[in-house]
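Here's a quick briefing to read alongside the sequence and the 3D view.

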Amino acid sequence: MGPGLLLRVHGLLRAPGLLWGRCRRAFSVRADGLLLRQLFEAKSCTYTYLLGDRATGEALLIDPVLDTASRDAQLVQELGLRLLYAVNTHCHADHVTGSGLLRSMIPGCKSVISRLSGAKADLFLEDGDILTFGRFALEARASPGHTDGCLTFVLSDHSAAFTGDALLIRGCGRTDFQQGHTVSTVEEERRLNPRLTLSCEDFIKVMNSLNLPKPTQIDMAVPANMRCGVQEPPS
């Protein structure tokens, strides 16, 4: 259960008119008005992405974490955005989602997840569904494997894809070794990802032989995430 991945498709980070922020949580504002911020939660090493339309103020969050939901809500307010959706790429096992808390903190915000996840949410997505925010949109593409309900979200101009844990840089699923990379391209992963270049049979063998320990928060995170981030009170 590694951090979510921003997969650059057509040079998003080199887009004309790109403006770089001066603080660690700033990422970019494109010339066409798309705001994109990459945020980090250190305990589970999860990346959260804030996308917004500067012209309309409409925005969404991808893979928010409960522990940093207040930070995310504050940033949304600071930037003058209206958060429409708190989106999960899948039902996580390494952290509790912040989507439930965010929808209670921000009026009008809806929690979103794949219908195939089996988890609770305000809005359930299927392959091909579209989430719009202002002049921009994300297309949900089913990418099962890590979980049955994994979704990859492709930006409407095909400049970026947010893959969650379905595809990691030089790995997939529960890969723990990304050597510090946080951005890749489709072409790079097709050519260099040691798992994607295997035959189907060899891929199954590799994934079955990883023998990784289960995530430390799985017993708490999965039941809570099935309830949109709501944790049961201690007995």
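Let's begin with Asp122, which sits in the loop between strand E7 (110-114) and strand E8 (123-125); helices (H or I, at least four residues) and strands (E, at least two) are DSSP runs, numbered from the N terminus. Bear in mind that this is a predicted model: local features need pLDDT of at least 70, side-chain atom pairs count only at pLDDT 80 or more, and totals for chains, interfaces and linings use all residues. Residues are numbered from 1 along each chain as its sequence is written, and side-chain values use heavy atoms, with hydrogens and water left out.

**Around Asp122**
- Asp122 is partly exposed, at 40% relative accessible area (buried means under 20%, exposed over 50%, partly exposed in between, with a 1.4 Å probe and protein chains only).
- Setting aside residues up to four places away in sequence, Asp122 touches Arg103, Cys109, Lys110 and Ser111 (contact means heavy atoms within 4.5 Å).
- Its side chain makes a polar contact with the side chain of Arg103 at 2.7 Å, and the Asp122 side chain also reaches the backbone nitrogen of Ser111 at 2.9 Å. A polar contact is a pair of N or O atoms within 3.5 Å; within protein, one must be able to donate a hydrogen and the other to accept it, and residues adjacent in sequence count only if both atoms are side-chain atoms.
- Asp122 and Cys109 are 13 residues apart along the chain, with 9.3 Å between their C-alpha atoms.

**Nonpolar cores**
- The largest nonpolar core has 22 residues, and Leu51, Phe133, Leu138, Phe153 and Phe162 touch the most other members. Such a core is a set of buried Ala, Val, Leu, Ile, Met, Phe, Trp, Tyr and Cys residues joined through side-chain atoms within 4.5 Å.
- Another core, of 17 residues, lies apart from it and includes Val29, Ala59, Leu61 and Ala69.

**Helix H1**
- Ala69, Asp72, Ala73, Leu75 and Val76 are the buried residues of helix H1 (residues 69-78).
- They lie on the same side of H1, because they cover an arc of only 160 degrees around the axis (taken from the directions from the helix axis to the C-beta atoms).
- Their cover includes E3, E4, E5, E6 and helix H2 (99-105).

**Cysteines**
- The disulfide count is zero, where a disulfide is a pair of cysteine sulfur atoms within 2.5 Å.
- Cys91 is buried at 14%, and its sulfur is 9.9 Å from the closest cysteine sulfur, in Cys150, too far for a bond.
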